[in-house]
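Q: I have a model open and would like to learn how to read its features. Could you take me through a few?

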Amino acid sequence: MLSVGVDLGGHTISAALVERKGETARMLSRADRETPGSRGLDEVVQIIAGMVDEVSQGRQISFVGIGIPGFLDKTRRKITRLTNFSGLENVYFLEHLAPALNRRGLSPLIGMENDANCSAVGEAFCGAAKGCRDFIVLTLGTGIGSGIFVNGGLLTGAHGMAGESGHMTISGKSDMSCGCGSAGHLETIASADYIERGARQEGLPPNFRLLWNMRDDKRADALISNALDALAGGIASLVVVLDPEKIILSGGMSKAEGLAEEVRARTLRWLPLPLREQLRIEASALGTEAALYGAASISMLER
Ligand SMILES: [Zn+2]
C-alpha cells in the first residue's frame, strides 16, 4: 500500500511517500518546503497538493494523511484551533484539499489528525513504541504536543481533543498567555519558543541546543532548569494518571544529548515510589519522520 504523510509545521511543511508491506514501512521519497508567511488557506492547500503530487512520482496512492498542529473536531474534518499558526481556524480543511488534489489527477482517500498524535502513531507502527500498548509521545519544539496510546489505541477523548499535554496547567509556574487562548500552560514554560524568548531577554543565544551546551553559564542553566522542572512535573502527572510503559521525547529539543536522562532524573522526584523504578523516558530515533510515517498511517487506526 502506498500512502503520503504530510506534516504541516509552523516553519516547514514536509511530505513523504510511504510504502507499507505487512509490518514494515519505508519512506520512498520526501519533500520539505518553507511554510508560507501568509499561512493563508489557499496557499497552504496548493503547496500541500503540489507536494503530494511531487512525492507520489506518478504512482497510484491510496491515502493522504495530514498532521495538523492544533485542535481538531471529533470527526477529524474541521480544524478548531491552531495554537501557533493562524489563518486556518474553523476550516473544513479536507474539503479544500480534495479538489486541489483532483485537479492534479489525484483522488486518494484523505484524512487528518493532530500532529503529535501522528508522531505517536508513527512511533507505534515504525519506531520506539512498536509493540507497546500504553505510551506517551511528547513533541518538544515550537510548542509542546503529545500523543497518547492507552490499551493499544490512540486516546482522543469525548470531543477529540485529549492528549494536549502542552496545555496542562503547571500551578504557580507561569501566568503567561498561551497560543490556545488560555494562560499558564506547560508550553509557556518549557517549549523551545518560550525558552528562546527568555534567552533573548537575558542576552543569551535564542537557540535551545546552544543553551543546552552552555549550562555552565548560570543564566542559561537557570532558564533550562526552570523549563525542565516544569516539563518533569507535567510528565510525573501524566505517569500517575496513565501508568505508561514508556515516554518518548520527540521534536527539535529532544535532539539535545542527554536530555531524556536529565528529564527522567527530575521526574523521579515527584513520582510515588511504586512508579519510579519502571519509569522509561527515551529520545525518539525516528525524529521528524515519526509524524510523516504516522500521518501516512492514520487510515489504519481503529476508530
Ligand atoms: Zn495553552
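Q: Are phenylalanine 135 and phenylalanine 149 buried or exposed?
A: Happy to start there: buried means under 20% relative accessible area, exposed over 50%, and partly exposed in between, with a 1.4 Å probe and protein chains only. Phenylalanine 135 and phenylalanine 149 are both buried. This is a predicted model, where local features need pLDDT of at least 70, side-chain atom pairs count only at pLDDT 80 or more, and totals for chains, interfaces and linings use all residues. Residues are numbered from 1 along each chain as its sequence is written, and side-chain values use heavy atoms, leaving out hydrogens and water.

Q: How many aromatic pairs are there?
A: Rings of Phe, Tyr and Trp (its six-membered ring) pair if their centres lie within 6.5 Å; planes under 30 degrees apart are stacked, over 60 edge-to-face and the rest tilted. That rule gives two aromatic pairs. One of them joins phenylalanine 135 and phenylalanine 149, stacked at 4.8 Å centre to centre with 15° between the planes.

Q: Which residues of helix H5 are buried?
A: Helices are DSSP runs (H or I, at least four residues), numbered from the N terminus. In H5 (residues 192-202), the buried ones are Ala192, Tyr194, Ile195, Glu196, Gly198 and Ala199. Their cover includes helix H4 (187-190), helix H6 (208-212) and helix H7 (218-242), with contact meaning heavy atoms within 4.5 Å.

Conventions: Helix = DSSP H or I, 4+ residues; strand = E, 2+ residues; numbered from the N terminus.
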